[in-house]
Amino acid sequence: AHVLALDYRGFGDSTGWPTQDGLIADTMLLWRWLKSSDVAGEVYIYGSSLGSAVATAMAASISSDADLRGLILEAPFPDLHTAVQYHPTSRIFTLIPAVRRKLLELVGNAWNTTEMITDVRTPVLVMHGAKDGDIPIHLGQAVYAAALRAGLPARFVELPLSDHDNQHRFGDWLEALTDFIDGVDEQGRAANAKSAPAQAPSTTLDAVPEVLGARKYPSFEDRKPQAQAPGAPMPDKASQVAATAEAEEGGAGPDADAPREEL
């Protein structure tokens, strides 16, 4: 296997200033280079944190390419507008309503993963650390729900010991990757992953399918979420996100998450 990584413009050793269009252009340049090289073959796109949104945009842009076998998202978020409200560095702004409103106006609809994922045509793996204090796990669950709603064969894996930056240090991370890739290899890439849509929540954050343990995720044949009883209450965290998205005025932001538990 080969691993190909890049520093986006404005990151690492790359010059320039990062923008959504610019970062997507960087990934497409990387894809064209890969396709012209001698190592092109079965490809999995992997993105973590902000990179999960970039990876989703890339997968959506090349969804018709037969070499693309799967999309792997680590600690993803529904959209940047939501993620900003839960990130520890932005919580201070919840105390200053005018600044908070201006910040959210500047973010706008940037990096809307739940929207972009509707154009993806490959199996999707979502992994999220249970102790993630930067992007809480319920935001990753919302992305998983969006993938199911789009009819994609998707898996959600909770990494119980991981926070935002250390997933790779635990064996369940590698096990989840291996099982996902083996599953895709066994069943082959679907000609059209949307041919049999799964039953999923009607909106991104109105309900979150049951979280699956790191070693208890379903096969692609058994990927439909459990039906939810009519009138069932929303999960607490998902309700908080939905309420935040609907709020237009006032300084009350989402409740601060508990301090991250140290390993």
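Buried means under 20% relative accessible area, exposed over 50%, and partly exposed in between (1.4 Å probe, protein chains only). In soluble globular proteins, nonpolar side chains tend to be buried together.

This is a predicted model: local features need pLDDT of at least 70, side-chain atom pairs count only at pLDDT 80 or more, and totals for chains, interfaces and linings use all residues. Residues are numbered from 1 along each chain as its sequence is written, and side-chain values use heavy atoms, with hydrogens and water left out.

Now the overall layout. The chain has eight helices and four strands. From the N terminus on, the order is α-β-α-β-α-α-α-β-α-β-α-α. Helices (H or I, at least four residues) and strands (E, at least two) are DSSP runs, numbered from the N terminus. Buried residues make up 48% of the 263 residues. Of the contacts with a separation of 6 or more, 79% join residues 24 or more positions apart. Contact means heavy atoms within 4.5 Å.

Not counting residues up to four places away in sequence, Val124 touches Leu71, Leu73, Ile117, Leu152, Pro153, Ala154, Arg155 and Phe180.

Next, the first helix pair. Two packed helices are described by the angle between their axes and the distance between the axes. Helix 1 (residues 20–36) packs on helix 2 (residues 50–61) at about 55 degrees, with the axes 10 Å apart. Axes are lines fitted to C-alpha atoms, for helices over the stretch in contact, and angles run from 0 to 180 degrees between N-to-C directions. The two helices are therefore oblique to each other. Angles under 35 degrees count as roughly parallel, over 145 as roughly antiparallel, 65 to 115 as roughly perpendicular and the rest as oblique.

Which residues meet? Leu23, Ile24, Thr27, Met28 and Trp31 in helix 1 meet Val54, Ala57, Met58 and Ser61 in helix 2. Seven residues of this contact are nonpolar, two are polar and none is charged. Ala, Val, Leu, Ile, Met, Phe, Trp, Tyr, Cys and Pro count as nonpolar, Asp, Glu, Lys and Arg as charged, and the others, Gly among them, as polar.

Ile24 is buried, at 18% relative accessible area. Leaving aside neighbours within four places in sequence, Ile24 contacts Ala57 and Trp111.

Trp111 lies in the loop between helix 4 (97–107) and helix 5 (113–116). Its relative accessible area is 5%, so Trp111 is buried. Most residues other than glycine have a negative phi. Phi of Trp111, though, is positive, near 50 degrees. Ser49 also has a positive phi, near 60 degrees. Ser49 sits in the loop between strand 1 and helix 2 and is buried, at 19%.
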